[in-house]
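Here is a short report on one protein chain. Look at the structure first, then follow the contacts one by one.

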Amino acid sequence: MTETWPKGVFPARLIEKLHAEGAISADRAFDADQVQPASLDLRLGKTAFRVRSSFLPGPGHSVAERIEALKLHEIDLSKGAVLERGCVYLVPLEESLDLPAEVSASANPKSSTGRLDVFTRVIGDRARGFDQLPPGYKGPLYLEISPRTFPVLVRTGSRLTQMRFRSGDARLSVQAHQALHASDTLVIGGDQPVDNGVALSIDLQGQGRDGLIGFRSKRHTAVVDVDKKAALDVLDFWEPLYAHGQSELILDPDEFYILVSLEAVHVPPSHAAEMVPFDPMVGEFRVHYAGFFDPGFGHSSAGGTGSRAVLEVRSREVPFLLHHGQIIGRLIYEELAEKPDRLYGSAFGSNYQAQTLKLSKHFRPFEG
């Protein structure tokens, strides 16, 4: 492939073009909704390998070689199988890559995966890092899966992670972030300045939600089927948390929380964004999973008027006190390589447009 690809994050049309030209291969045809506005969902293959530990293959090895040395047993996913919490699994994905020399790829858990506290990372052959495939990467893709809170039922074709493709570095500078905010209002509410991205703080007052500020996961629950929507009762898996006038929350070590940003955010159609953890030096906690925000998230023409960011939060080894308005994450914006032909929103079947505090799609609405 000698074509020069435009600089920026690839929207759906360019992802489909990569597929048509053989840069993305798959064991079978793409699902109808597999290509998202600026990312591609990746599908689990037929076999999961239970392995002794997580690993990176390093420059001299393939992932398959490492699996052979570390595997405990193989699991057939064709009819579905339960992945137990606290275990590490490697699953060959249905998609593989033969990227052009100037095109790289990165991966992230899907929103619903992060909200279930299922830890996932994409690995490629000879990789020195997780979730990053260098320009020109050619080879298979594997997904490391480690459920942290709930056991999950998965099967061949389940989609737990998503991949973004880009040419060059399209991240905005401080000045470009500020200019985009001035023209398109990237953040609504809160009082944090826009500089190297958009700072997100925590809402611990629950105004408009009768004081509901979040959820803490329960232990020893039933299995979550990752492919079934609105099938589970919230109270069987989560403990609701209320403000009670405190505006503070002590995070218990090793517990998993779903919280929500104080600010509503907006991703214009010309851009995509990624949430990254805030400076870890500010405290012993972190947003557990980064995430992709597609073009049109919170955009009025796509059914949003600004959307809150749902945050998956853990403390590390000690209890930690969070206070209302404390910064907990940051959105970094990138330019798209071209104008997208679809946006994140209800018309596309997106699950989290115009959200406030919302659990994953697997749970029925919580009435409080």
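## A bridge to start with

This model is predicted. Begin with aspartate 252 and arginine 216, which form a salt bridge with their closest N and O atoms 3.4 Å apart. Aspartate 252 lies in the loop between β20 (248-251) and β21 (256-265), and arginine 216 lies in strand β17 (residues 212-217), so the bridge ties together parts that are 36 residues apart in sequence.

How far is each partner covered? Aspartate 252 has 33% relative accessibility and counts as partly exposed. Arginine 216 has 16% and counts as buried, because the cut-off for buried is under 20%.

## Bridges across longer stretches

The salt bridges come to 27 in count. One of them joins the side chains of aspartate 117 and arginine 314, at 2.3 Å from N to O. Aspartate 117 sits in the loop between α3 (111-115) and β9 (118-124), while arginine 314 belongs to strand β25 (residues 307-315), so this pair ties together parts that are 197 residues apart in sequence. Aspartate 117 is buried, at a relative accessible area of 0%. Arginine 314 is buried too, at 7% relative accessibility.

Now take aspartate 195 and arginine 330. They form a salt bridge as well, and their closest N and O atoms are 3.2 Å apart. Aspartate 195 is in strand β15 (residues 194-195) and arginine 330 is in strand β27 (residues 327-335), so the pair ties together parts that are 135 residues apart in sequence. Aspartate 195 is partly exposed, at 29% relative accessibility. Arginine 330 counts as buried, at 16%.

## A network of charges

Some salt bridges join up. Which residues are linked in a network of salt bridges? They are Arg28, Asp31, Asp33, Asp41, Arg43, Glu94, Glu95, Lys110 and Arg159.

## Rings that meet

Next come the aromatic rings. A pair of rings is described by two things: the distance of the centres and the angle of the planes. The chain has eight aromatic pairs. In one of them, the rings of tryptophan 5 and phenylalanine 10 have centres 5.6 Å apart and planes at 25°, so the pair is stacked. Planes under 30 degrees apart count as stacked. Tryptophan 5 is buried, at 3% relative accessibility. Phenylalanine 10 is buried as well, with a relative accessible area of 0%.

Tryptophan 238 and phenylalanine 363 make an edge-to-face pair, with 6.1 Å from centre to centre and 75° between the planes. This pair links distant parts of the chain: tryptophan 238 is in strand β19 (residues 238-242), phenylalanine 363 is in the segment after β27, and they are 125 residues apart. Both tryptophan 238 and phenylalanine 363 are buried. They also belong to a cluster, where ring pairs link Phe150, Phe237, Trp238, Phe256 and Phe363.

## Charges over rings

A charge can also sit over a ring. The charged end of arginine 121 does this with phenylalanine 130, at 3.5 Å from the ring centre. The charged end of arginine 164 sits over the ring of phenylalanine 292, at 4.2 Å from its centre.

Is tyrosine 242 buried or partly exposed? At 30% relative accessibility, tyrosine 242 counts as partly exposed. Its C-alpha atom is 7.5 Å from that of glycine 206, a residue 36 positions apart from it along the chain.

## A span from the record

An unreviewed UniProt entry lists residues 7-168 as "domain: 2'-deoxycytidine 5'-triphosphate deaminase N-terminal". In the model, the end C-alpha atoms of residues 7-168 lie 5 Å apart. The span is 14% helix and 44% strand.

## The whole chain

Now step back. The protein chain has four helices and 27 strands. Its radius of gyration is 20 Å, close to the 21 Å that the globule rule gives for 368 residues, so the chain is as compact as a globular protein of that length. Its C-alpha atoms fill a box of roughly 55 × 50 × 40 Å, taken along the principal axes.

Buried residues make up 55% of the 368 residues. What share of the contacts with a separation of 6 or more comes from residues 24 or more positions apart? The share is 80%.

Key. Residues numbered from 1 in each chain as written. Predicted model: local features only at pLDDT ≥ 70, side-chain atom pairs only at ≥ 80, totals over all residues. Heavy atoms only, no water. Salt bridge = Lys/Arg side-chain N within 4 Å of Asp/Glu carboxyl O. Helix = DSSP H or I, 4+ residues; strand = E, 2+ residues; numbered from the N terminus. Buried < 20%, exposed > 50% of the residue type's maximum accessible area, 1.4 Å probe, protein only. Phe/Tyr/Trp six-rings, centres within 6.5 Å; stacked < 30°, edge-to-face > 60°. Lys NZ or Arg CZ within 6 Å of the ring centre and 35° of its normal. UniProt positions renumbered as here; feature names shortened; annotations may be inferred. Rg over C-alpha atoms; globule rule 2.2 N^0.38 Å. Contact = heavy atoms within 4.5 Å.
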